[in-house]
Amino acid sequence: MNQELLFGAAYYLEYMPYDRLEQDIYMMQKARMNVVRIAESTWSTLEPIDGEFDFSYIDRVLEAVKKAGMMAIIGTPTYAIPSWLEKKDKDIMLTTNEGQKRYGHRQCMNIMNATFRFYAERIIRKLVLHTANHPCVIGFQIDNETKHYGTASEEVQKQFKEYLMDTFGTTKQLNKTFGLAYWSNSIRDWDDLPDMRGCINGGLSSEFERFLRSMAAQYLKWQAHIVREYKREDQLITHNFDFEWKKFGADIAQDGYSYGVQPDINHYEAAQAVTIAGADIYHPTQDYLTGAEIAFCGDEIRSLKDQNYYVLECQAQAFKNWTPYPDQLRIHAYSHLASGADGIMYWNWHSIHNGYETYWKGLLSHDLATNPTYEEACRLGKEWSNVGRRLLHLKKENKVAIVIDNQSLNALKWFPIDTKLRYNDVVRWMYDSLYEMNIECDVVDVNAFDTSKYRMIVTPALYSASEVTLIKLKKFIASGGVLVSSFKSFVSDEHLSVYSDRQPHILHECFQMSYNQFTEPGKMKLKGKVVNYFAELVKTDGAQVLAYYDHKYWKEYAGITRAEYQNGFAYYIACYTDKAVLKEIYRQALMDAGLESDTAKVCWPIIIRSGKNQENKIIHYVFHYSEKDGVFICPYEEVRDIISKREYKRGSQIELKDWDVIILEEE
Amino acid sequence: MNQELLFGAAYYLEYMPYDRLEQDIYMMQKARMNVVRIAESTWSTLEPIDGEFDFSYIDRVLEAVKKAGMMAIIGTPTYAIPSWLEKKDKDIMLTTNEGQKRYGHRQCMNIMNATFRFYAERIIRKLVLHTANHPCVIGFQIDNETKHYGTASEEVQKQFKEYLMDTFGTTKQLNKTFGLAYWSNSIRDWDDLPDMRGCINGGLSSEFERFLRSMAAQYLKWQAHIVREYKREDQLITHNFDFEWKKFGADIAQDGYSYGVQPDINHYEAAQAVTIAGADIYHPTQDYLTGAEIAFCGDEIRSLKDQNYYVLECQAQAFKNWTPYPDQLRIHAYSHLASGADGIMYWNWHSIHNGYETYWKGLLSHDLATNPTYEEACRLGKEWSNVGRRLLHLKKENKVAIVIDNQSLNALKWFPIDTKLRYNDVVRWMYDSLYEMNIECDVVDVNAFDTSKYRMIVTPALYSASEVTLIKLKKFIASGGVLVSSFKSFVSDEHLSVYSDRQPHILHECFQMSYNQFTEPGKMKLKGKVVNYFAELVKTDGAQVLAYYDHKYWKEYAGITRAEYQNGFAYYIACYTDKAVLKEIYRQALMDAGLESDTAKVCWPIIIRSGKNQENKIIHYVFHYSEKDGVFICPYEEVRDIISKREYKRGSQIELKDWDVIILEEE
Amino acid sequence: MNQELLFGAAYYLEYMPYDRLEQDIYMMQKARMNVVRIAESTWSTLEPIDGEFDFSYIDRVLEAVKKAGMMAIIGTPTYAIPSWLEKKDKDIMLTTNEGQKRYGHRQCMNIMNATFRFYAERIIRKLVLHTANHPCVIGFQIDNETKHYGTASEEVQKQFKEYLMDTFGTTKQLNKTFGLAYWSNSIRDWDDLPDMRGCINGGLSSEFERFLRSMAAQYLKWQAHIVREYKREDQLITHNFDFEWKKFGADIAQDGYSYGVQPDINHYEAAQAVTIAGADIYHPTQDYLTGAEIAFCGDEIRSLKDQNYYVLECQAQAFKNWTPYPDQLRIHAYSHLASGADGIMYWNWHSIHNGYETYWKGLLSHDLATNPTYEEACRLGKEWSNVGRRLLHLKKENKVAIVIDNQSLNALKWFPIDTKLRYNDVVRWMYDSLYEMNIECDVVDVNAFDTSKYRMIVTPALYSASEVTLIKLKKFIASGGVLVSSFKSFVSDEHLSVYSDRQPHILHECFQMSYNQFTEPGKMKLKGKVVNYFAELVKTDGAQVLAYYDHKYWKEYAGITRAEYQNGFAYYIACYTDKAVLKEIYRQALMDAGLESDTAKVCWPIIIRSGKNQENKIIHYVFHYSEKDGVFICPYEEVRDIISKREYKRGSQIELKDWDVIILEEE
């Protein structure tokens with residue numbers, strides 16, 4: 001584990017228009033950077049033709065880094081293949097629903113192809129062998145932003161068939177599980193299993209995606225296994241996880257941001273491959289910086305191994321709409337730390353002068369000179385060299401968890417709530433409302449959450465839920481927990497078959513309500529607020545109705561219910577409505593969970609994130625996501641701003657500038 | 001012919017999550033249902049592998065039905081093929097402009113492929129042989145929602161070439177007919193006829209579609225021919241016709257409704273295959289229920305054979321935006337009867353628990369328990385068991401007809417009036433205006449309408465019209481008929497060549513006007529209403545101008561004209577404008593046709609639909625498509641509400657509730 | 001060179017529904033037309049099967065034309081191939097990124113395929129041999145609207161590889177030039193160059209497009225070379241150049257207009273093939289007629305050879321939204337002449353009765369009778385027979401030039417300024433502002449502009465600029481010129497590598513400013529006007545700031561600067577804002593350039609375009625692009641309206657009707 005906050009950047013000497021390694025290292029040192037991340041995606045430089053290896057760029061960087069007393073993380077280069085490799089096997093290029101890709105883009109290979117694996121293994125072995133003993137190398141990143149890429153080659157489909165045979169035994173069971181009789185899709189012989197690319201059965205198709213996610217996770221484990229053969233004990237293995245990318249309709253690379261749960265690999269499963277998780281988080285900035293994406297992604301990545309993590313690609317200047325305002329680069333950085341990051345590395349050091357991501361700008365602009373953003377990084381580096389040790393290894397013990405699920409995400413692609421309301425929209429609606437109320441939470445995978453750690457669990461649109469999960473949640477409530485579930489939770493089993501009895505299956509006992517109809521809201525309101533996209537027509541069976549629908553024909557139905565079940569409570573929110581309504585429900589649920597807190601009275605744009613540092617001191621980050629000035633009333637007995645050294649007591653007025661960060665340490 | 005109104009549902013025992021046949025039949029009986037429609041699209045269950053047949057699901061249903069004294073319609077299962085069949089012939093999967101489909105979806109086979117036909121014939125023979133003698137089986141539905149699916153395989157194209165050779169004799173004639181010299185598309189040798197999938201000649205391409213529509217109709221006749229070899233005399237043959245599906249942009253299955261003329265099969269031609277026509281009609285509900293789709297579709301299907309018909313798939317709960325308000329399921333049902341339906345079968349009995357149409361909900365929700373919609377069906381069943389016989393075999397003798405045409409629909413895809421004004425938009429504009437005025441009409445195919453039955457004929461955008469049709473219409477006017485034609489009528493011949501003389505070809509004599517320019521309306525108005533999308537610049541030649549355009553540059557041109565021609569009248573509406581203007585013209589035309597009526601003074605949301613029942617009594621359905629209460633002044637001498645038994649006289653105030661239906665029988 | 005204004009139409013006897021050649025020629029003569037353009041795109045008529053030739057349509061037209069004393073231009077028919085030719089070689093049909101095209105459309109062949117070239121050469125030789133000696137034939141049009149069509153067949157890619165080898169010598173140099181190391185795209189062996197259709201490197205991909213543009217130009221030179229073997233000395237060679245087509249979202253053919261710089265062939269390079277340039281210019285009409293497209297396209301085409309040109313396809317009636325208002329056909333015609341056209345030919349004589357362009361209407365409507373538009377052409381023909389000779393060979397000596405560049409256009413597809421702000425939008429923003437101020441300019445290619453002719457040069461988004469260009473512009477300023485450059489000028493070299501030093505590379509010395517950050521404008525304003533899409537954050541280094549940004553965080557940065565450099569001036573406009581701001585800057589720049597003029601005070605909708613006629617008299621066209629009446633104060637000492645013969649002096653009030661044209665000759 002690192003002994004100081006990592007502060008650095010991805011560095012691509014290979015992409016530099018002219019030799020300026022010394023100058024770059026000098027500029028990094030000026031910013032007090034201590035680490036570079038190198039080699040990732042540079043396969044064609046490392047192995048320009050089959051079997052000929054050239055590590056000179058790496059060697060030069062490592063030498064310079066050593067001289068400067070810095071560290072390096074080596075990335076395996078497999079995320080983008082060289083063009084000579086494409087020609088080795090006609091199945092190397094990715095085949096998806098849309099046909100086979102042409103060579104050019106990154107992540108366009110079939111990661112399950114044996115030829116690809118042969119060459120990937122060889123370059124990984126050579127590279128790790130070559131670098132593992134270098135004193136500056138603190139570890140390895142395996143691949144980059146790995147996902148299954150929709151691979152559907154013949155070979156992959158053959159493996160999927162074997163997986164189905166193993167899992168379901170007989171075609172009869174397969175047919176029954178997924179309801180394949182519908183539209184004549186049932187099969188008698190396993191050999192009649194058709195090409196999955198034409199599949200119109202949401203359950204079977206989602207099973208294929210689940211299989212593919214597992215394959216992608218196994219691919220990472222395979223890389224980790226190879227790396228482990230060479231790496232030193234003290235060297236880490238990490239991976240750069242990314243999130244569902246929400247496009248907003250701009251052009252090529254300059255489009256979108258890290259929005260929600262990743263559909264194409266299961267983070268929890270894949271995280272087993274690494275010793276420390278890493279991530280990249282790209283988010284709106286300028287007038288649209290809220291901190292929500294940083295917090296969501298951080299809460300998810302930290303929860304993977306219940307452990308600190310790295311931001312392996314921290315947003316530098318990026319696109320024109322993300323050129324940071326003064327002080328925004330700084331608030332980004334501390335926001336990451338406040339979620340539990342143990343360091344950040346900008347992507348990337350310098351803006352690239354050609355190629356696809358020319359305008360995904362790094363810390364340096366194309367002129368490779370100083371600029372206001374780089375200068376802000378320098379000021380930040382100076383602060384960290386002073387106070388960084390106090391901020392390292394921040395620990396949290398959250399009592400609230402949000403449960404996420406790839407399978408439900410997939411299900412709601414097949415069976416959308418509404419064109420405009422996707423799974424991740426519901427996740428973010430429920431997450432962001434907590435965030436804005438200053439209720440910190442863990443974001444946990446449905447396959448691996450420990451109910452005993454939490455007092456309140458939130459399930460946004462947990463459409464697909466196995467009976468195991470349902471019983472687990474039931475026990476959680478019974479033993480005193482508070483469950484807050486949204487519409488479209490617990491609808492189907494793990495294979496997307498809708499439960500055929502009283503909804504919500506099993507848990508209707510706890511919620512003490514049920515429904516068997518739902519509707520477009522039309523002119524519907526709830527607690528005076530508009531209801532959008534979807535509303536379940538709930539009839540209670542013991543539950544307390546917190547709100548009835550306001551609608552000529554649906555007014556007898558409940559929109560929100562609360563029920564006491566054994567030692568706990570179960571809240572059901574049957575429709576999508578204003579966050580203000582949701583927050584009101586959360587407040588009541590938090591009371592039921594015994595989680596009232598002082599800081600919950602403060603709300604966005606002032607955000608508080610807390611934890612314990614290595615010295616077991618309680619640290620409170622106070623962020624001001626606003627272009628205006630503000631005031632924050634200190635809710636803590638006695639605290640000290642670790643940067644300004646100023647001290648505050650309960651009730652002190654703390655002035656907040658625009659995009660301000662204050663870090664308070666409890667005495 | 002059925003002796004009572006059919007009332008039932010499509011029933012798929014194959015799709016049930018657990019065995020509950022008895023319970024389902026019990027619930028159907030409780031709703032006084034008397035029929036199930038089964039087997040359609042279940043080929044893979046009936047023949048799980050090549051040559052092995054299993055009719056056990058059918059047998060079980062038929063036994064239960066028999067025990068309950070109900071009836072069954074057996075569907076041939078060919079609408080969706082089993083996956084083993086896909087592998088028999090590489091040409092079985094549909095090849096269209098977009099390439100060859102993958103197995104998975106329904107309706108993705110090439111219905112003209114010989115291998116497909118071999119296996120289809122075998123399963124049909126087996127199934128019909130197996131069921132024809134069962135006493136409960138009242139008939140067969142052949143295939144389902146059959147269309148040509150855009151099939152364009154090599155074999156199909158070869159047949160098309162032969163069709164062209166037969167039809168046009170020489171390539172010289174072909175070139176001339178379609179103007180192929182343009183852009184060097186003319187051919188000398190028949191073998192130079194290129195792949196139709198690249199064709200850019202609207203006429204030739206539409207000829208290909210006409211050929212495909214005929215092939216699809218012949219496919220149905222071929223199925224009917226096979227069924228006839230086995231069926232009993234008293235057994236019917238039907239087919240489930242569907243309509244142009246208007247998408248509104250939602251996701252997968254949950255998108256769109258039955259909007260207008262079907263482009264991909266000619267209903268009239270295909271209806272020759274059946275003894276009684278059937279249809280499915282899905283339509284907006286909740287706040288958007290107007291009755292117009294039900295009426296339009298009913299008027300078209302009834303006119304196919306001038307005979308009563310079945311609604312083989314009647315909308316149950318369907319999507320979230322169609323969950324029926326209280327009383328809407330009832331008004332749907334009676335609206336169908338009022339168009340001449342002899343029964344309705346819901347699609348479907350139960351909501352399916354997995355697969356593509358999981359959320360195309362049936363009468364039962366996924367919990368398979370009672371629910372408000374099912375309960376409304378029960379009340380309806382009870383009413384029908386009381387009064388159904390009075391409503392059976394409703395006969396109409398409409399004096400107004402709207403002429404529809406697949407070829408014009410196709411033409412206006414190639415040569416659109418406007419991106420936002422399609423053929424079916426003009427059809428619905430002209431139909432809906434009549435409907436809202438309570439003028440009932442037949443909707444008749446251009447290839448088979450009998451002018452002698454009508455006093456007024458309406459042609460919406462009848463772009464393509466053969467000289468035979470033109471002369472027929474001319475004679476209709478000459479002998480006292482009233483023709484009301486919209487812009488873009490009579491522009492081209494049957495091969496989409498624009499007539500090269502005075503427009504409208506031949507009929508300009510009757511209309512006594514002509515035009516050779518047209519325009520985007522821009523700021524144009526007509527009778528104070530905005531003109532949208534399109535306006536022809538009409539100069540009269542004897543006609544009376546009912547309205548000039550209000551526009552700086554086009555004010556000398558007429559927008560609407562009326563002319564007396566021999567014993568009749570011809571109205572021309574040269575632009576697309578407000579329905580209020582159209583209705584004003586209709587009123588005048590109806591007067592010219594001697595069709596003034598009292599009920600025409602009543603208008604939507606109160607809709608009146610009338611006919612004679614088996615006892616030759618005149619029945620008036622009065623519908624209230626509104627969420628408000630209303631009042632209807634009785635226009636009939638002496639009538640009796642057949643449900644409430646209340647009696648009314650001319651001038652009585654009849655109270656109408658929201659979504660109300662009253663059925664008045666004349667004494 | 002023609003001795004009178006050409007006035008005529010494209011004439012397709014082949015497409016006529018019946019024989020009416022005599023009548024057509026009679027109607028042309030009535031309109032005083034003197035020329036027809038024939039044969040273009042009629043290959044299948046000329047050679048109905050391989051090797052059989054039939055020139056009878058051409059012969060008949062030429063005989064009729066001769067009898068009428070008219071002229072003819074013969075088009076080579078290669079723009080659309082016959083279907084028999086498709087079958088000769090599987091590589092004849094165009095292969096692009098989207099796969100291989102099917103036969104049907106025009107321009108769907110691979111113009112670089114040897115088989116195509118063999119047959120194309122043969123038909124060209126036959127046709128030109130057959131017609132060159134006819135006395136009425138004044139020349140030949142080679143092909144039509146030629147572009148590279150995105151051809152990417154294996155053979156084409158092989159040639160591109162050879163081009164790269166010739167140009168860059170080694171793969172090392174190739175890798176470095178385009179930065180191929182990025183995402184492992186670098187190669188060691190030339191044989192590892194991947195299929196360009198998957199290329200994600202904007203520089204290399206744009207190099208491929210540059211290569212393709214050259215191939216297309218060479219194809220035209222090849223055609224011209226063949227024609228030259230047969231044509232008489234006095235016969236011309238022309239080509240019909242077209243422009244970037246801006247779609248506005250309508251259907252098939254009826255969509256879009258000539259908007260800006262053509263991406264898919266370099267006009268300047270291709271114009272070397274012809275003796276006189278031709279063009280087609282389709283533009284909004286009715287309420288949206290501004291004259292801007294006619295002026296832009298004319299200024300570009302005239303500048304190609306610094307010479308008069310033909311409008312080979314002049315808009316007749318075209319689509320419904322372009323049916324000309326009274327007097328609009330006339331203003332179109334004079335607008336062309338005012339840009340330097342030596343004649344116009346309508347596309348086309350008659351509206352075609354079938355096929356793809358049925359509603360791209362000609363001068364005659366489908367009824368082939370007289371109509372208001374044809375009648376306006378008759379009046380125009382009469383005017384030209386009176387005054388045409390005074391308008392022939394108009395010469396201009398503009399002192400302002402706008403520099404355009406295919407490579408920058410391409411670059412900004414890869415690296416968009418904004419989804420809504422494309423290269424041609426910036427070109428039109430800068431061009432249209434000059435046009436509306438009545439500042440005439442040349443529109444010149446970056447590869448061939450002569451700075452010595454101009455006092456002011458404007459560069460809209462000249463993103464890609466070689467050092468040669470930059471030094472040329474620097475010298476232009478140094479020697480007294482005024483440069484006005486927009487944002488995104490001079491960013492990259494000719495291979496799209498962003499310059500890695502101070503921006504703008506080299507020219508920052510002249511501009512005396514620099515920037516290394518840019519931003520989405522957000523709430524930014526400049527001189528009280530909204531800034532949209534893009535703003536560079538400029539810091540001056542000697543320049544005068546003409547406007548600072550109005551924005552909380554960017555207010556210290558300049559939006560517009562002006563610098564004196566040696567004998568000249570350099571203006572930099574760092575953001576996209578209102579045309580009013582741009583015009584204010586232009587005014588100041590024009591003063592610096594000594595180009596103040598009286599007419600510049602007049603502005604759109606009154607447009608003045610001037611030049612010298614054959615007799616060296618100065619001609620001023622005055623256009624009124626308005627549906628209202630207006631008044632124009634004569635700014636000339638003594639002028640005479642050559643049509644009305646009225647005389648005016650400085651200060652005279654000249655009345656202008658809607659869509660008026662007045663042509664003033666200086667005494």
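Trainee: Among contacts in chain A between residues at least 6 apart in sequence, what share joins residues at least 24 apart?

Mentor: Two residues are in contact if their C-beta atoms, placed from the backbone, lie within 7 Å. In chain A, 73% of the contacts between residues at least 6 apart in sequence join residues at least 24 apart. This is a predicted model, in which local features need pLDDT of at least 70 and side-chain atom pairs count only at pLDDT 80 or more, while totals for chains, interfaces and linings use all residues. Residues are numbered from 1 along each chain as its sequence is written, and chains are lettered from A and ligands numbered from 1 in the order in which they are written.

Trainee: What radius of gyration does chain A have?

Mentor: The radius of gyration is taken over C-alpha atoms, and the globule rule is 2.2 Å times the number of residues to the power 0.38. For 667 residues a compact globule would have a value near 26 Å, and chain A agrees because its own value is 26 Å. The C-alpha trace of chain A spans about 75 × 75 × 45 Å along its principal axes.

Trainee: How many helices and strands are there in chain A?

Mentor: Helices (H or I, at least four residues) and strands (E, at least two) are DSSP runs, numbered from the N terminus. Chain A has 17 helices and 32 strands.

Trainee: Which strands does E2(B) pair with, and in what sense?

Mentor: Two strands pair if DSSP finds at least two bridges between them. Strand E1 (residues 6–10) of chain B pairs with E2(B) in the parallel sense over three bridges, and Ala10(B) has Arg37(B) as its bridge partner in E2(B). E2(B) is also joined to strand E3 (residues 71–75) of chain B by four bridges, again running parallel. There, Met71(B) is the bridge partner of Val35(B).

Trainee: Are the residues on the two faces of strand E2 of chain B buried or exposed?

Mentor: In a regular strand the side chains alternate between the two faces of the sheet. A residue is buried if 20 or more other C-beta atoms lie within 10 Å of its own, exposed if 12 or fewer, and partly exposed in between, with C-beta atoms placed from the backbone. In strand E2 (residues 35–38) of chain B, Val35(B) and Arg37(B) on one side and Val36(B) and Ile38(B) on the other are all buried.

Trainee: How many residues does the contact take from chain A and from chain C?

Mentor: The contact takes 49 residues from chain A and 40 residues from chain C. Helix H2 (43–46) and helix H4 (83–86) of chain A each supply at least two residues of the side that touches chain C.
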